[in-house]
Amino acid sequence: MALTGYSWLLLSATFLNVGAEISITLEPAQPTEGDNVTLVVHGLSGELLAYNWYAGPTLSVSYLVASYIVSTGDETPGPAHTGREAVRPDGSLDIQGVLPRHSGTYILQTYNRQFQTEVGYGHMQVYEILAQPTVLANSTALVERRDTLRLMCGSPSTTAEVRWFFNGGALPVALRLGLSPDGRVLARHGIRREEAGAYQCEVWNAVSASRSEPINLTVYFGPERVAILQDSTTRTGCTIKVDFNTSLTLWCVSRSCPEPEYVWAFNGQALKNGQDHINISSMTAAQEGTYTCIAKNTKTLLSGSASVVVKLSAAAVAMMIMPVPTKPMEGQDVTLTVQGYPKDLLVYAWYRGPASEPNRLLSQLPSGTWIAGPAHTGREVGFPNCSLLVQKLNLTDTGRYTLKTVTLQGKTETLEVELQVAPLG
């Protein structure tokens, strides 16, 4: 009567004699899932009756793959047989299309004619063909020093090793300290701006590696170092002197992510300008004052500001009177616009003709107090910047107009302009 694998197992319990001659190697040495693998047996000796193969750490019935009778070639599957295993006459074990679950310890048990047994041990690691992993992030846009970064490397494989890449290279030291023991989770408390960039994870084993697509992280910060530039030169906190009637552009710059929103103020009053620069096309005394840029970051909720003082240069002391329009017609209004008037003005007076008392037209204190002179017709209006409006011109308004200014230091200056009123038709 032929003995089955289970019968040999019972015999082995009685006649077990462990030897050290049998060894088992793999072909191929590093099998990948789907490969056909042979557990090659070396060191068999004597005339053998049967083999038992076990896929497990002990000679337990539950781990028995198959029993093989040498004389007849009969093979009996055991409880651990998966349908892919076959025993060769020389004792080797073929496994077709191995899977990761075939990994583990394999034991060969042999029986000779004296019913003595020997065992040999082998180990097989079936490596997966790794699928591309995916990096999952708690957020891809974080605020510096406030938010925590948490990245997880998602992969179907539970046995593969994991390594991380930052902008295609190695992780910075600070980031490496945030790796979990298995390397699959990367956490960084109080993220820094220098840690913004592309993150990838790679799963790998001895025969396969696969890297994820990059995930790009943005770190919001600032605004910092807010400054005002003129012609690429930092002017924050200084006084800029500008020649009369020349142009000036002030630029607001800062270190910020994202680019901040800008608000400009002139002498403390907000201007309708949401740009990073402000233009003064023609510098006059009216544009003198303090210009402030406020930069606001809507992501960090932080803001910063810088200010400069803009003044007319010494060459701008000379006044100029320009009629607007330059060639008014009968019935129109005209403004004798004054540019470059002294900023320490005490009082000014307009004359219809030469600067003589009998012909004084009107005068105005800076506070707005009017003193009408003999030549006032009721059509003249003065402004704090010394300009004079003459309404509903007639031909008799043609002629010389004289402006006289007096400063707080008592300095007097006189300037004349000829007004030509063109007749209708």
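Modeller: Start with Pro258, which lies in the loop between β20 (248-257) and β21 (261-266). The model is predicted, so local features need pLDDT of at least 70, side-chain atom pairs count only at pLDDT 80 or more, and totals for chains, interfaces and linings use all residues. Residues are numbered from 1 along each chain as its sequence is written, and side-chain values use heavy atoms, with hydrogens and water left out.

Colleague: What is the omega of the bond that joins Cys257 and Pro258?

Modeller: Omega is about 0° there, and the peptide bond is cis. The bond from Val324 to Pro325 is also cis, with omega near 0°. Pro325 sits in the loop between β26 (320-324) and β27 (334-339).

Colleague: Why is Asn267 called partly exposed?

Modeller: Buried means under 20% relative accessible area, exposed over 50%, and partly exposed in between (1.4 Å probe, protein chains only). Asn267 has 44% relative accessibility, so it counts as partly exposed. Asn267 is in the loop between β21 and β22 (269-270). Its phi is near 55°, a positive value in a residue other than glycine.

Colleague: Why does Leu301 count as exposed?

Modeller: Its relative accessibility is 69%, so Leu301 counts as exposed. Leu301 is placed in the loop between β24 (289-296) and β25 (303-312). Leu301 is not a glycine, yet its phi is positive, about 65°.

Note on methods. Helix = DSSP H or I, 4+ residues; strand = E, 2+ residues; numbered from the N terminus.
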